[in-house]
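Let's walk through this model together, one region at a time. Please keep the sequence and the structure open side by side as you read.

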Amino acid sequence: MAQVTFEEISASDFFYRNRDIAGFTNPTRAIFAAIRELVENSLDAAESLKIPPEIYVRLSFEGEASKETQIYKLRVEDNGCGVPPRHIPSAFGQVLFGSKYKLKQQRGTFGLGGKMAILYGQITTHQPATIISSTGTSHIYMYRLMIDIQRNRPIILDRKVLLNKEGWRGTIVEFSLEGDYLRAMPKILEYFKQTAMVNPYANLTFVDPKGRLYKFTRATTVMPDPPKETLPHPYGVDVELLQRLIQVTPYNNMLEFLKNHFHRVGEVTARKFLEFSGISPSKNPKKLSHEEIVRLMHMLKKFKEFLPPDASCLSPLGEELLRTGVLKELKPEFVAVHQRKPATYAGHPFIVEVAIAYGGEIPQKGGFLIYRFANRIPLLYDEASDVSVKVINDMNWRRYKVTPDMPIAIVVHVCSTKVPYKTVGKEFIADRPEVRREIANGLREVARQLQRFLTRREHVDRERKRLGIFSKYLPRIAEFSTKLAGRDKPPDIEKLLRSVRRFGAEGV
Amino acid sequence: MEPKEYKSSSIMERRKEVLASLQNFGLKIYEQIDRGYFPSIEMPSRSTENIYYDPKFRQFILGDKRVRRSARNIRHLKPFAQLVWTALFSYELTSQRKTSTLRDVYYSAQAYEMTFKDQQESNNIITDLETVLGFSREDFNIFPEERSAVFGDLTIRYTVPGYEGKTLNLTSHPDGVMIGPALTSAEFVKTSADKVIAIEKGGLFTRFIEENVHKKFNALLVLTAGQAPRATRHFIRRLNRELGLPVYIFTDGDPWGMHIAMVIISGSANAAHLRDLTTPDAKWSGVWATDIVKYKLPTDPLDEIDMKRLYELQKDPRYKEDPLWQREIKTFMKIKRKAEQEAFSRYGLTYIVDEYLPAKLEETK
């Protein structure tokens, strides 16, 4: 009789076995994903203190791994908030540990990406990672660590404490990994360019394995307001979240439980809901059976009187910063930006920001250039599946005098506490009707502005051409008629030209 | 300005008139600008709905509809400048007694940075100038490519530079003398001829000279070489008006030959803005449709295009002047055949001169 063994696998073991879902599919994707995850952590770390990010990324060649792949050393430095020394080992050596479980808009969501990168580096090169960090105190802490994959625990190989004489604050992560930089290069460079576009207040520096320097300099030091943390909205909860809340709650009756753990639920709403769902206000949440929890979730979704979530937990870029970013990276002749009012889908607040840029250095390529962002992360893969692309393709652009052969770039930024990604790879946004509507309305607004610009420019062009014709032919008519009439000096045409100009100025 | 009747036989007189008219045109524009107005001009409309047949003149004329070209209008500005340039260019040609072809005009404009889009555009502007001033382009010394000729006892006196006062008898060259700018501007001195015979085709023209038609019939022979150019039509008119010679026209016996005769007699719709190009008393002497029957000429069938042309001509007002035209059109339609002038050769090379010509001259006298 065969013996079946059941073993519990750790979180890091799980991700080790399923690294595809976190974006580390192959050596090309892996090197791109590693850079992206660490840069995003660094941006978050600087933004949490509202200081303009200063990020330095260096990828250096270490040696050949196989015919197709090489070993690289990746180093990412930032000027962010730093990690308190006691959290460093867990923060970088334990999967599913991190600061990202409360609800506010952040780039990453699971606290997974950075560690996945280090984990990937470890399994491909068997080298430890080096973490250097300071929160700006008198000391700098340096750890060399590896991850015990089966037990999901950091193994500290070395620990040093240095004096922080210059008051440095930030984090440096350095580790080796296998990858294929040559293949990944176009996406990596595109990633930096687009990141610079939606983070116009950041300085990004990238040195590639060939020693080439790519520098994206900030165009402003103005930063968006950081998002506030918020409680989950009743429409957006699931059974798992309810169970977790019940586990940690200090409250022993349903009324207080609802009032204290949910977004925009006060005394009145809580009482109304309990009446609606037939749950006693004095019931102890910890005594709810599994069936009751499931029912509670359904009732929460059914109840119509919850206030919609507010958007204070969101940190959109804002029209000015978006404009700055687009002007900085695309150098267009014209740009229109628009931020939609906050909206919600399934209890999650979201804000759509769009921009349309025309002319200048934007290439003419027989179709629009589309830049997609979610929570200020560029989305570089699976463009065709993205909701923005569907909206753009469905729009009647001719109404706005826009044709695909024009040099046009379109930027769509969706920010939300929970971006509706279609897949775990987080590369494209699902087609939710609420999201689709907001994107469409935003695009219509900027398209109208572009139309006004195009119409005005056409008018100015026409006017200039008109004046050109007058100032070309009136002098000739004067000259020829003078000769024909046998006069010595031509008649004064200035008065006629002036009248044409005055007449012309009205039209512009 | 209205089209001018030909007032003087003197070529010099006419040139003075042309120059004054061009100068006056420039002056009018100059003064409008000088007074602070956008210059504008008015001229009769040449659109088809403004072209009428005038039984009195026995030619097409322009109606009362007029068009205005103003330099204030952006769309008129370029053609306006081109028109003034063309007037200046014509003035220089005429006063310096130089001639130019339509093609020359097109290229000359480029020297003045007044480009024409194509030859058609420059031809149109020249026609505009004709319409505004009422003179034809030959008066401005602008000629199309020439190919027609004249032969016979007529002495002319040149007025072109280098030949002023020189005389020439038009029998002096057996191929005939080309009706070009020099001949067009020459004065008539004397002639012993008492009629003009216009011939459509070069072959027959040469045959007539060889057969001494000019002597036997006391005639000046004019080769139209197909549809007669304007200069030739004007020349025939002068022979008719100044020398009082009757004009007989011989063409092929088909709708196209018939129309060559008609344009010499009554002019074309394209030249409705001009006078002095018609010879209303000229006669179409053959080859008629009835001649084809009467002389039993070898024929070709009339094709579809020929028939279509006949139906058009049947309705044309010029063809309603004289019952002869309608009779011949009907005969063509009935026999559905056509014959060339050369068809008479079936009766021998001289038959046309010995038999046909005297009969027809008598018949259409």
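In chain A, the axes of helix 2 (residues 27–47) and helix 4 come within 8 Å and cross at roughly 140 degrees. Axes here are lines fitted to C-alpha atoms, for helices over the stretch in contact, and angles run from 0 to 180 degrees between N-to-C directions. Helices (H or I, at least four residues) and strands (E, at least two) are DSSP runs, numbered from the N terminus. That angle makes helix 2 of chain A oblique to helix 4 of chain A; angles under 35 degrees count as roughly parallel, over 145 as roughly antiparallel, 65 to 115 as roughly perpendicular and the rest as oblique.

Residues are numbered from 1 along each chain as its sequence is written, and chains are lettered from A and ligands numbered from 1 in the order in which they are written.

Which residues bring helix 2 and helix 4 of chain A together? From helix 2 of chain A come Ala30(A), Ala33(A), Ala34(A), Glu37(A), Leu38(A), Glu40(A) and Asn41(A), and they meet Gly113(A), Gly114(A), Met116(A), Ala117(A) and Tyr120(A) of helix 4 of chain A. Two residues are in contact if their C-beta atoms, placed from the backbone, lie within 7 Å. By class, this contact of helix 2 with helix 4 of chain A has seven nonpolar, three polar and two charged residues. Ala, Val, Leu, Ile, Met, Phe, Trp, Tyr, Cys and Pro count as nonpolar, Asp, Glu, Lys and Arg as charged, and the others, Gly among them, as polar.

His126(A) has a positive phi of about 60 degrees although it is not a glycine. Most residues other than glycine have a negative phi, and most peptide bonds are trans. His126(A) counts as exposed because it has 9 C-beta neighbours inside 10 Å; a residue is buried if 20 or more other C-beta atoms lie within 10 Å of its own, exposed if 12 or fewer, and partly exposed in between, with C-beta atoms placed from the backbone.

Another helix pair in chain A is worth a look. Helix 11 (residues 387–394) and helix 12 (residues 433–485) of chain A pack at an angle of about 50 degrees, with their axes 10 Å apart, and are therefore oblique to each other. Helix 11 of chain A passes helix 12 of chain A in a right-handed crossing. Val387(A), Ser388(A), Val391(A) and Ile392(A) of helix 11 meet Val435(A), Arg436(A), Ile439(A), Ala440(A) and Leu443(A) of helix 12. Here the classes are seven nonpolar, one polar and one charged.

Now to the partner chain. Chain B has 13 helices and 17 strands, and 44% of its 365 residues count as buried. Its mean pLDDT, the predictor's confidence in each residue from 0 to 100, is 90, and 97% of its residues reach 70 or more. Over residues 1–8 of chain B the pLDDT is below 50. Where pLDDT is low, the predicted coordinates should not be read in detail.

How do the chains meet? In total, 24 residues of chain B are in contact with 20 residues of chain A. Helix 1 (11–34) and helix 2 (74–96) of chain B each supply at least two residues of the side that touches chain A, and helix 2 of chain B gives the largest share, ten residues. That side of chain B divides into 19 nonpolar, three polar and two charged residues.

Asp276(B), in the loop between helix 9 (255–266) and strand 15, has a positive phi of about 70 degrees although it is not a glycine. Asp276(B) counts as buried because it has 22 C-beta neighbours inside 10 Å. The peptide bond from Gly286(B) to Val287(B) is cis, with omega near 0 degrees, and Val287(B) is found in the loop between strand 15 (283–286) and helix 10 (289–294) of chain B.

Conventions:
This is a predicted model: local features need pLDDT of at least 70, side-chain atom pairs count only at pLDDT 80 or more; totals for chains, interfaces and linings use all residues. A crossing is left-handed if the near helix is turned anticlockwise from the far one by less than a right angle, and right-handed if clockwise.
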